[in-house]
Amino acid sequence: MSEQHSSEDIIACEGVNKWYGDFQALKDVTMRVKKGEVVVICGPSGSGKSTFIRTINRLEEHQEGRIVVDGIEMTNDIRNIDAIRRETGMVFQSFNLFPHLTVIQNVTLAPIWVRKTTRKESEAKALEILERVGIQEQAYKFPGQLSGGQQQRVAIARALAMEPRIMLFDEPTSALDPEMVKEVLDVMKTLASEGITMICVTHEMGFAREVADRVIFMDRGQIVEEGTPEHFFTNPRQERTKLFLSQIL
Amino acid sequence: MATSTPPIQRTSIPFYRDTRIIAIIVQVVFAIIVIGGLWWLYANMMNGLRRVNLLPTFSFLTVSAGFPIAESVIAYDPSMTYGQAFIVGILNTVRIAIVGIILATFLGVVLGICRLSSNWLLRNLATAYVEIVRNIPLLLQLIFWFFLTKAFPRVQESIEVGGVLFLHNRGVTLAWPRLADSFSFWVPWLLVGVAVGVIFYVIRRIQFVRRDRPGVALPYALLIALGTALVGFVATFFIAGAWPLVLEIPQLERFNFEGGITVTASFAALLIGLVIYTAVFIGEIVRSGIQAVNKGQREAARALGLTPGQTLRLVIFPQALRIMIPPLTSQYLNLTKNSSLAIAVAYPDLFYVASTINNQTGQAVPVILMLMLSYLSVSLITSLLMNWYNRRIQLVER
Amino acid sequence: MATRVSQQQTRLPRTSALIVDWLRQNLFSSWFNAIISVVLLVFVVQVITSFGRWIFQTQGWPAAFTNLKLLFTWTYPIDQIWRPQIAVLLVALLLGLSAGTWRGLLRGIAIGFIGIMAVLGLLAFLLPPPVEGQVALPAWALLLSSAAVTGGTYFLGRAGGERLRWPLLITWFLLYPAVVLLIRGGFAGLTLVNTNLWGGLLLTLLLSISGIVLSFPLGVLLALGRRSEFPVIKFFCIAYIELIRGVPLITVLFMGSLLLPLFLPGGERVDQLIRAMVAVTLFSAAYLAENVRGGLQSLPRGQTEAARALGLNTVQTILLITLPQALRAVIPVLVGQFISLFKDTSLVVIVGLADLLGAAQNIVGQPQWLGTPGGVWREVFLVIAAIYWIFSFSMSRTSKRIEEQVNATKH
């Protein structure tokens, strides 16, 4: 909901294609994201939305087209890949916390080993971030001792610890019990209001309506429709979008 | 939305940063190191062998072996070639493996069921057996059995068990069925039995397919075939005045037993040792296979209204079998590989014969190559057979 | 379940009623079970009585008990026996300290160790085996003092608390090379004891521990290689693993014994023990690789993805994320592999080393026992079977406990 968009594109994808064998997972996806923008991607399962978000930090490799993140082109150059991963933080559906490490170890791992900051410094920083997501008192527990909502907030903190300019959310609330969805969405809303660029694959339409600057609807590997939340929820143009919205709302 | 193209300058990537090229470089370097290392070892070996004038060759295979082999499945005498001696070794390994696998499976299934028995004494005795046998090295057990068979009395004073089994220091003599003169009267019955069984089986299967209903055909077909054979067996007695098969009781002659079959002490010790040892592991597989299915499945089947017999036949057994096949395969392979300990009990298996050939010819490299290839092919054939069976039961029971 | 008493009973049931109840439930629940029970009972009584009678009547026991020195250390010089004895005490010391700092499962292991050592020590004290030569510490004293050392250092470790953990871990890692050096000697005034004098239980333990310790790095690399995305590396690793697993250990030992000297330039003489060690290591690595691979496969894909998304590189991901988790998951399996290896090292007899089994075979063949009726093989083999059994049984119990704990912490 932040008002002052800079006109600069922080993510630019052009004609991205990806195949798994004969199956085309992404068809000619073209999309731009401005700095500070919050983009929600929705669509039926198997529509390629997760695949797409994962090509942005090279968890999946695209075969055709260009992806540029913060001026760095995603190529086979290992230095570019590392640079882009440093710019982007990712939050997964199944949290993917490291179960053999404590919460604070999870959060400080990447700063220590990738950013090469000192342990003391990263721990201070980690505690600060954990406070921001509201779980500083759990810092010395293991992930297995936390609830799903708390785990997902740790995962967000872990991503934030690298001070990314972009946050990628891959269905962050789908694996949560209903009563825990809100605590995670609240954290995400706070982040959005702080002006961080966010791309979020989610089915939480309430979140999309409230927070997103733009909603993108994908189906069968293609972007079918995109627009502001008002436009998207009140006046969709495409039949497929209407059908999807009628099923999900 | 901004319409300007993003500011990208296409720069060429230095090769040492390109993931694709890195992947190729890593693999090439790895291959060079491995192949180079192997080549270095090979070159050293050839140099060494050249120095002692023992370059590897397979020509010894056609030379007369000159050493006797105590027992053989095919005819063998010392004038035959090393190649033939090697084949005798392979056949002896296959022989002990097949007999061992059959007996170990039988004992293992019994043991597994005993471990689940409701009888406290039986259950705990089975447990004691398992815990004792699996924590003592197989080689020690084999040597123990070998000493035991060697400690049996002379043939003339052999220990008799039930009149059909004789233990003596040359081995074990067993009573064995022999074909009698009246056997020819029984042959037609056998043929008819097999034919009727096959026809019955085929008809039933066609019926099942046509009516699209599941059913059991094989046990009934076997029952019919066996029944026919049994009727023929009795009929032969009345027609020809003698049973078609007689159990031949070994008779003690001056120096040896006449009739029945005699296995050597080595074979007996190796077989007993392998069977007792492997049965423990098979028993554990059977036990955990049955236990894995039991949870919930039995209740579910009963809730559907299946009888206890149907539950066992249609629900428990097929699933347990499916769980059991892969670990069983590896136990069968283990038994086959463990049979190489035969050298400790002087049974002329593949390894024993190969090491004798090596001692005589000094051709270590070809002998080791042949030895390894033989074991690998035996392993491969066993796992192919078991995989085939595994696939079959997965299909049939689906 | 053995003493299931109906809950309606308000009075305490009489013991006799309890026994009858138990018998009916567990031995005589049906006529079929009753027959089995009776037959088995007769069988068990028969076996126990005849075995008991044999134990007291047989005359072969001296063969085993006068030769305990040979069984345990073979021809290791008697005046240097204090070196393996120190090794035992070192292990006892580290075990006690570790049990004190970590508690939990290690405390159970330490208690088991103390128990076994104390019982054996008392037995050795009450029924002293005739010991030949001058030994630094008699067997009973060694056994009892190692029990005491473990017990004492347990409290030390408890007092020391968590700050002892890292030093202890490092010491454990250094223990193996230190013990091997100590036993070999040849430096700092220690006389060199050639490996051809090593044998008995000492050799069995050294071979199996070397097998697992030395094969560990190779096995882990093979496991990682087999899961590598690089086809060339993957192919080599699969080929190695399947080749070794497809052939019996004895052929690998045979190969090590015949080919290893040939593989080296100049055809140096290679110590028979080293040959066996190399063979056991190469063999064990293939099995270890498969076990570790099982652990790696049990991890969800998301673990690597999360690490990658955070910017960790491949090596960091493996060392910090996947390997620690995979290894923790396969500890029980690795203990199981160690037990197998411990039993399998008996095969070195066939390539001419005198391990525990080899020592026993030698004793059985000693000329002075020729006159003993029936030979002495039963007694000697029974004693070493008991030694093997105590080791592998206690280890398998430990592995079961670890497994339970690993499973418990999963939830």
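**Notebook: three chains, residue by residue**

I began with A:Asp28, which lies in strand β2 (residues 23-34) of chain A; strands are DSSP runs of E, at least two residues, and helices are runs of H or I, at least four residues, both numbered from the N terminus. The model is predicted, so local features need pLDDT of at least 70 and side-chain atom pairs count only at pLDDT 80 or more, while totals for chains, interfaces and linings use all residues. Residues are numbered from 1 along each chain as its sequence is written, chains are lettered from A and ligands numbered from 1 in the order in which they are written, and side-chain values use heavy atoms, with hydrogens and water left out.

**Positive phi**

I looked up the backbone angle of A:Asp28 and found phi near 50 degrees, a positive value in a residue other than glycine. A:Asp28 is exposed, with a relative accessible area of 53%; exposed means over 50%, buried under 20%, and partly exposed in between (1.4 Å probe, protein chains only).

B:Asn53 is another residue other than glycine with a positive phi, near 60 degrees. I located B:Asn53 in the loop between α1 (19-51) and α2 (82-115) of chain B. B:Asn53 counts as exposed because its relative accessibility is 68%.

Is A:Gln150 buried or exposed? It counts as buried, because its relative accessibility is 18%. I placed A:Gln150 in helix α5 (residues 148-160) of chain A. Outside the four places on either side in sequence, A:Gln150 is in contact with A:Ile135, A:Gln138 and A:Glu183; contact means heavy atoms within 4.5 Å.

A:Glu210 sits in helix α7 (residues 205-211) of chain A. With a relative accessible area of 42%, A:Glu210 is partly exposed. Its side chain is joined to that of A:Lys189 by a polar contact of 3.3 Å (a pair of N or O atoms within 3.5 Å; within protein, one must be able to donate a hydrogen and the other to accept it, and residues adjacent in sequence count only if both atoms are side-chain atoms). I also noted that 8.2 Å separates the C-alpha atoms of A:Glu210 and A:Pro229, which are 19 residues apart along the chain.

**Chain C**

I counted 16 helices and zero strands in chain C. Its C-alpha trace spans about 70 × 65 × 50 Å along the principal axes. Chain C has 411 residues, of which 46% count as buried. Among its contacts with a separation of 6 or more, 74% are between residues 24 or more positions apart.

I then picked C:Thr204, in helix α9 (residues 200-226) of chain C. C:Thr204 counts as buried because its relative accessibility is 0%. Leaving aside neighbours within four places in sequence, its contacts are C:Phe342, C:Thr345, C:Asp355, C:Leu356 and C:Tyr388.

**Cores**

How many residues does the largest nonpolar core have? It has 161, and C:Leu71 and B:Phe67 are among those with the most contacts inside it. Helix α7 (residues 265-303) of chain B gives the most to this core, with 13 residues. Apart from it I found another core, of 49 residues, including A:Val154 and A:Met188. A nonpolar core is a set of buried Ala, Val, Leu, Ile, Met, Phe, Trp, Tyr and Cys residues joined through side-chain atoms within 4.5 Å.

Last, I checked C:Leu71: not counting residues up to four places away in sequence, it touches several residues, including C:Ala64, C:Gly200, C:Leu356 and C:Ile384.
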